[in-house]
Amino acid sequence: MRVFVKVMLGALLVVPAGCSANNDNAHTTATTIVPPPVRQQLRVTTRPAANVTTTPAAEPHHPHPDLHPQNPSLVFNLPNGKTFKANDDVVIDFSLANAKLKGDGGDYRVRYIVDDEEMQWIDRAEQVVLSGWTSGKHTIRLELVGPDGWPLQDQVTTRELTVTK
């Protein structure tokens, strides 16, 4: 019994000493601090649009052949899968049919979203020029938004692009 008491007393003295270390990482594996990736900060400028109106039939591969020519339509004039250099400008150039933007006296808006970041609005028929891209794959989503504030069905287009160094 004495031996048992001595062993227990010794264990009680050793256990608190092992747990009282001041180092928070004493019982963990190595901690590595990884900085967040560099966030892309695009510069946005505008310039007059070269082509502001079109008809749905003018687009050779219109994705929805059952659209009526009198309905509002948006055509995104950027080829899908295009490759740019990091210092190149990417131009959001679009054409509208049967719709006028708010800044031009109409009821419609165009919004664009780059890489699922914050949405931006275009209220005038003008090109938006984006510069300051980081290398890698990117997406641009362009939507024609109606007077009710919702994107028009079948008038949402996404383009993928690659930026190289």
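Me: So, is threonine 157 buried or exposed?
Reply: Threonine 157 is buried, because its relative accessible area is 18% (buried means under 20%, exposed over 50%, partly exposed in between, with a 1.4 Å probe and protein chains only). Keep in mind that this is a predicted model, where local features need pLDDT of at least 70, side-chain atom pairs count only at pLDDT 80 or more, and totals for chains, interfaces and linings use all residues. Residues are numbered from 1 along each chain as its sequence is written, and side-chain values use heavy atoms, leaving out hydrogens and water.

Me: Which strand is threonine 157 in?
Reply: Threonine 157 sits in strand β10, residues 151–164 (strands are DSSP runs of E, at least two residues, and helices are runs of H or I, at least four, numbered from the N terminus).

Me: And what is threonine 157 in contact with, leaving aside neighbours within four places in sequence?
Reply: Phe76, Ile140, Arg141 and Leu142. Contact means heavy atoms within 4.5 Å.

Me: OK, zooming out. How many helices and strands are there in the protein?
Reply: One helix and ten strands. Starting from the N terminus, the order is α-β-β-β-β-β-β-β-β-β-β.

Me: What share of the protein's residues is buried?
Reply: Buried residues are 28% of the 165.

Me: What about contacts between residues 24 or more positions apart?
Reply: They account for 64% of the contacts with a separation of 6 or more.
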